[in-house]
Amino acid sequence: MAEKLKIIPLGGLDEIGKNCTVLEYGKDMIVVDCGVGFPEEDMYGVDLVIPDFSYLVANQKKLRGMFITHGHEDHIGSIPYAMRDLNCPIHGTAMTNGLIKLKLEEHKLADKVKLITHKPGDVVKAGCFTVEFIHVNHSIPDAVAFAIRTPVGTVVFTGDFKIDPTSKDGMMDLARLGELGNQGVLALLADSTNVERQGYTPSENVVADSLDRQFRNCDQRIIVTTFASNMHRIQSILSTAQRYGRKVAVSGRSMENMLKVAQELGYLKVKQGTIVDLASIKSLPKNKIVIVSTGSQGENMSALYRMAFSTHKQVEIVAGDRIIISASAIPGNEKSISNIINELYRKGADVVYEKSEGLHVSGHACQEELKIVHGLVRPKFFIPVHGEQRHLQLHAKLAQSMGMNPRNIHIGEIGTVFELTGKTCKVNGTVPAGRVFVDGSGVGDVGSVVLRDRKHLAEDGMIVVCVNLSSEDGSVISGPDIITRGFIYVKESEDLMEELKQVAMEAIDRCQRKRVRDWSAIKSAIKNDISGYLFKTTKRNPMILPVIMEI
């Protein structure tokens with residue numbers, strides 16, 4: 001039988017972030033993007049969520065390369081973790097590769113991984129695949145879409161995009177998409193992030209005008225926080241600061257790294273002397289200072305958080321400071337951002353944020369822009385990606401409104417194997433896929449069982465029952481002692497502690513009468529009795545850990 005093209009999403013479906021898609025044909029395989037997801041509220045202690053790379057590791061002899069659409073974390077963040085086990089070249093544009101290089105250096109992998117830099121219009125051969133880089137607009141420079149020619153037809157990946165005719169790096173190359181559509185496109189995989197929004201995504205120039213209004217006639221210190229990777233926004237901040245004669249200082253490691261890469265590659269146009277060291281701002285008048293900071297999502301260790309809660313070593317918020325939050329909240333971060341805004345107000349700062357001013361525009365296409373791309377590409381098959389279930393379903397309906405046959409639209413899950421020929425697209429099984437949790441330096445050692453325990457501890461606390469038993473006859477030598485954490489305040493609940501000791505002692509006595517010498521059986525008896533007693537008396541269900549020492 002003739003080989004079929006396999007398209008396998010390892011991330012980016014039923015979720016925002018963690019974008020990673022495999023294309024496989026015969027003995028060749030490539031990967032498009034390799035991003036991270038961010039932990040949800042109930043993922044206690046988890047720092048990052050990465051794709052399950054076991055399918056790539058098992059097939060790495062086929063792997064011909066990794067192709068990256070742009071330099072955002074949800075598209076490059078997992079690369080260092082993947083490259084611990086994989087060995088293939090990474091293809092990206094200059095800005096994208098500059099940011100990937102920083103990550104690889106941080107993980108001490110820069111010497112192992114080969115980065116190959118391309119520009120829009122370049123065509124790369126990778127096994128049986130030919131990948132063309134196509135310029136698109138996004139909130140970071142050097143973003144591209146891919147047209148991937150395969151033995152059964154052309155597959156177009158839009159990556160993250162919007163259509164911005166006024167973009168400083170030129171409008172998205174719609175003409176090339178139209179040419180591909182005329183030649184025939186087998187499948188389109190398109191960004192679904194903003195499919196719920198009608199109309200068009202506003203231009204970045206809208207934000208530049210809003211920033212100008214905030215800087216004009218302001219005689220106080222200005223602190224602006226935005227996404228570190230949004231170079232167009234940072235360029236607007238720098239240009240506005242220059243216009244009003246202000247010096248710019250940067251706070252936050254990710255922001256410093258991003259500016260370093262962007263300046264080295266020539267993506268930021270800034271007069272010499274405009275950017276100054278943060279330590280030197282104390283000698284400048286307040287109306288001559290702008291601080292560009294991380295923390296637009298309320299992160300606990302970010303520069304803005306530390307400023308708001310008075311733990312920043314160099315910047316202290318004072319009454320009159322104008323704080324501009326030039327970003328919208330990623331779902332789940334609203335409470336953290338609200339806490340920071342409240343604290344800034346408490347300190348007397350003038351806080352301006354997206355809800356009250358036009359200080360942020362999205363980097364993703366709204367419905368009319370998506371329709372334009374669908375109309376130009378005219379694919380035979382459509383697979384919506386980069387979104388939660390509601391985004392994927394709405395994008396499917398949008399494709400139908402453009403005249404696509406519903407049978408040619410396929411919504412999958414991570415791990416779904418789409419098999420394509422020149423005439424058909426079918427789901428044929430799954431591959432190992434899911435979420436791997438990164439906690440500190442540990443990768444994958446926190447699973448669902450550990451998270452369940454952490455959730456239990458966070459919600460109900462813990463009780464440890466310690467008892468020393470004789471190795472000769474199993475009698476109690478000392479204890480039982482009760483230790484609690486996160487359950488109740490012991491000094492105010494001494495009666496309950498004594499009752500728990502008595503319950504534990506009765507459980508041990510019962511085991512002795514039955515001549516039970518199996519420590520695990522005794523632990524189980526203690527746990528069950530205390531658990532039942534506590535639920536009956538307090539309606540609480542803490543984690544109970546019996547500890548038996550044999551002496």
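Two strands pair if DSSP finds at least two bridges between them. The views below show parts of a predicted model.

**View A. An open sheet is formed by 5 strands.** The strand order is β14-β15-β13-β16-β17, and the pairing is parallel. At the edges lie β14 (247-251) and β17 (350-353), each of which pairs on one side only. From one strand to the next, the twist averages 20°.

**View B. Strands β16 and β17 pair in the parallel sense.** Strand β16 covers residues 322-325, and its pairing with β17 runs over 4 bridges. Within this pair of strands, Ile-325 stands opposite Tyr-353 of β17.

**View D. Helix α15 spans residues 519-538.** The end C-alpha atoms of this helix are 28 Å apart. That agrees with the span of 28 Å that its 20 residues should have at 1.5 Å a residue. After α15 comes Lys-539, whose phi is positive, near 60°.

**View E. The buried residues of α15 are Ile-522, Ala-525, Ile-526, Ile-530 and Leu-534.** These residues cover an arc of only 145° around the axis, which puts them on the same side of α15. An α-helix has 3.6 residues a turn, so residues three or four places apart point the same way. The packing partners of the buried residues of α15 are β23 (462-469), α14 (494-513) and β25 (543-550).

**View F. Cys-425 is in no disulfide.** The nearest cysteine sulfur to that of Cys-425 belongs to Cys-128 and is 17 Å away, whereas a disulfide needs a pair of cysteine sulfur atoms within 2.5 Å. With this cut-off, the count for the model comes to 0 disulfides. Cys-425 has a relative accessibility of 8% and therefore counts as buried, the limit being under 20%.

**View G. Cys-218 is a buried cysteine.** The relative accessible area of Cys-218 is 12%, and buried means under 20%.

Terms used:
Residues are numbered from 1 along each chain as its sequence is written. This is a predicted model: local features need pLDDT of at least 70, side-chain atom pairs count only at pLDDT 80 or more; totals for chains, interfaces and linings use all residues. Side-chain values use heavy atoms; hydrogens and water are left out. Helices (H or I, at least four residues) and strands (E, at least two) are DSSP runs, numbered from the N terminus. The expected span of a helix is 1.5 Å times one less than its number of residues. Buried means under 20% relative accessible area, exposed over 50%, partly exposed in between (1.4 Å probe, protein chains only). The arc is that of the directions from the helix axis to the C-beta atoms. Contact means heavy atoms within 4.5 Å. Axes are lines fitted to C-alpha atoms, for helices over the stretch in contact, and angles run from 0 to 180 degrees between N-to-C directions.
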